[in-house]
There are 2 protein chains.
Amino acid sequence: MILDGKKIKNQILDELKDEVNNLTIKPKLVVIQVGNNEASNVYIKQKNNMCNYIGYNFEHFKLDEDTNIDNLLELIYKLNNDDSVNGILVQLPLPKHIDSNKIINAISPVKDVDGLTDTNIGMLCHKKDSLYSCTPYGVMELLDRYDIDVSEKNVVIVGRSDLVGKPMSMMMLNKDATVTICHSKTNNLTEFTKKADILIVAIGKPNFITTDMIREDAIVIDVGISRTELGLCGDVDFDSVKDKVKYITPVPGGVGPMTVAMLGKNILKAYKLQNK
Amino acid sequence: MILDGKKIKNQILDELKDEVNNLTIKPKLVVIQVGNNEASNVYIKQKNNMCNYIGYNFEHFKLDEDTNIDNLLELIYKLNNDDSVNGILVQLPLPKHIDSNKIINAISPVKDVDGLTDTNIGMLCHKKDSLYSCTPYGVMELLDRYDIDVSEKNVVIVGRSDLVGKPMSMMMLNKDATVTICHSKTNNLTEFTKKADILIVAIGKPNFITTDMIREDAIVIDVGISRTELGLCGDVDFDSVKDKVKYITPVPGGVGPMTVAMLGKNILKAYKLQNK
């Protein structure tokens, strides 16, 4: 059975649209871009469309490739102090001369709608309500919408990135799953993946997970997305595993759309955090 | 073979003493206590002794049980801004009328020598150099001093507390271990513990881990310490497992002393962070 991220995304956007429709002052997202990365242009367009659909205000600062870090920090501080701005998102990657870590952590945690600041990941670890990283948060939401309870389940995460693997582990732990985090240095990976009730893969290696690596009736969440000669492709060899699993996310149309939906949720959450 | 935390603690304190001896301005720890909890009095005395031994300055604020939160916050802000203070430690537990979370997170992360603020656990998740929670940091140091490499090892942590289990998992992950976090909601716990190359137990249940739950030649780290009729006792049934393991920490004399030693290390680290 397919976990249809695209369908759930549309449900979420409609729910948000209804809620925002009742607000006199509309939440506002600001996206900061430095340079003119083609992929970034596409992603920002998607975010703009999402905001338009829900009814959020949207502003896009597109700065020169050679912008210096002090000017960028100054802009972020200004937006931190601007009450009309509820969410601040710095589109990554930044040019090499800019320290991304410093820039991300300059964003006020209550406006950090990507959930990437040290403080927000720390609050997640401490099981506090905060702004969570959109992709793992989207995985949790997708499972929840299909009434899949993760409590007491053996959850195996392959990949330990700051963006997915690590926050994913804390979200699963906070929901009472037993969590194992595997990665490139894991020996006998299959021994772990084969035991998983829920297997989450985020390593960026096309078709890496094959049928012999999973158990019968597993739930498989494929966070990977790679562009190959045969088109977009996940970390899981979908065709080989699809008849063995209980649920699986397709690529595209699984976790990807959920990420945008959760950004939409985070903007409203940020607005509420700032106005409570 | 015994991992002798007491011996390693003394080595560390001597190393710190040598280093501090060469500093013109000595690092300073401030401990804030609210009320007169007996156990807290003992722990603070230990910290005072450690500071005296190394050559740190030490100051103890002992506030009335009915101190209100605003006065406590005011004191913390004052100490945050006092350049002569390098480490601030609020002795827990606080009286019930005070929100511990709010107090802990009021401490400047660069002075948070207990490593408990949201920001510091977040920096640990992001693999940044920061002040780490003393007990799990002590476990890492103890293994390191015995030349036990955790990279590529199967590490199983039983317990998911903010103080031990969660930061422990991130420290192990940062050192390339494959990490599983088990807890009270884990089904078939023995299936996980029996696979562990390194088993770390922090649940506060005396003698909970027995010989049938571990593999031959495992390394067992016992973080638990409970007072029973038979004396102090760990989470691991030491007598039953000691002949099966490769290494084990005793209780007392294993992880406990390391916690104090790592507080000592954190104070000097905080001093350096503030003076770089």
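**View 1. Cysteines without a disulfide.** Across all chains of this predicted model, the structure holds zero disulfides, a disulfide being a pair of cysteine sulfur atoms within 2.5 Å. A:C51 takes part in none, and the nearest cysteine sulfur, in A:C134, is 11 Å away. With a relative accessibility of 0%, A:C51 counts as buried; here buried means under 20% relative accessible area, exposed means over 50%, and partly exposed lies in between (1.4 Å probe, protein chains only). Now look at B:C125: the closest cysteine sulfur to its own is that of A:C125, at 3.4 Å, which is too far for a bond. B:C125 is buried too, at 1% relative accessible area.

A few notes for reading every view: residues are numbered from 1 along each chain as its sequence is written, and chains are lettered from A and ligands numbered from 1 in the order in which they are written. Because the model is predicted, local features need pLDDT of at least 70 and side-chain atom pairs count only at pLDDT 80 or more, while totals for chains, interfaces and linings use all residues, and side-chain values use heavy atoms, with hydrogens and water left out.

View 2. Contact here means heavy atoms within 4.5 Å.

**View 3. Chain A as a whole.** Chain A has ten helices and ten strands, taken as DSSP runs numbered from the N terminus (helices H or I, at least four residues; strands E, at least two). Its radius of gyration is 19 Å, close to the 19 Å that the globule rule gives for 276 residues, so chain A is as compact as a globular protein of that length. That radius is taken over C-alpha atoms, and the rule is 2.2 Å times the number of residues to the power 0.38. The C-alpha trace spans about 55 × 45 × 35 Å along its principal axes, and 56% of the 276 residues count as buried.

**View 4. Helices α6 and α7 of chain A.** Helix α6 (residues 134–145) and helix α7 (residues 165–174) of chain A pack at about 35 degrees, their axes 8 Å apart. Axes are lines fitted to C-alpha atoms, for helices over the stretch in contact, with angles from 0 to 180 degrees between N-to-C directions. From α6(A), A:P136, A:Y137, A:V139, A:M140 and A:L143 meet A:P167, A:M168, A:M171 and A:M172 of α7(A). This contact has nine nonpolar, no polar and no charged residues. Nonpolar covers Ala, Val, Leu, Ile, Met, Phe, Trp, Tyr, Cys and Pro; charged covers Asp, Glu, Lys and Arg; the others, Gly among them, are polar.

**View 5. A:K28 in strand β1.** A:K28 lies in strand β1 (residues 28–34) of chain A and, at 15% relative accessibility, counts as buried. Leaving out residues up to four places away in sequence, A:K28 touches A:N57, A:E59, A:S84, A:V85, A:N86 and A:G87.
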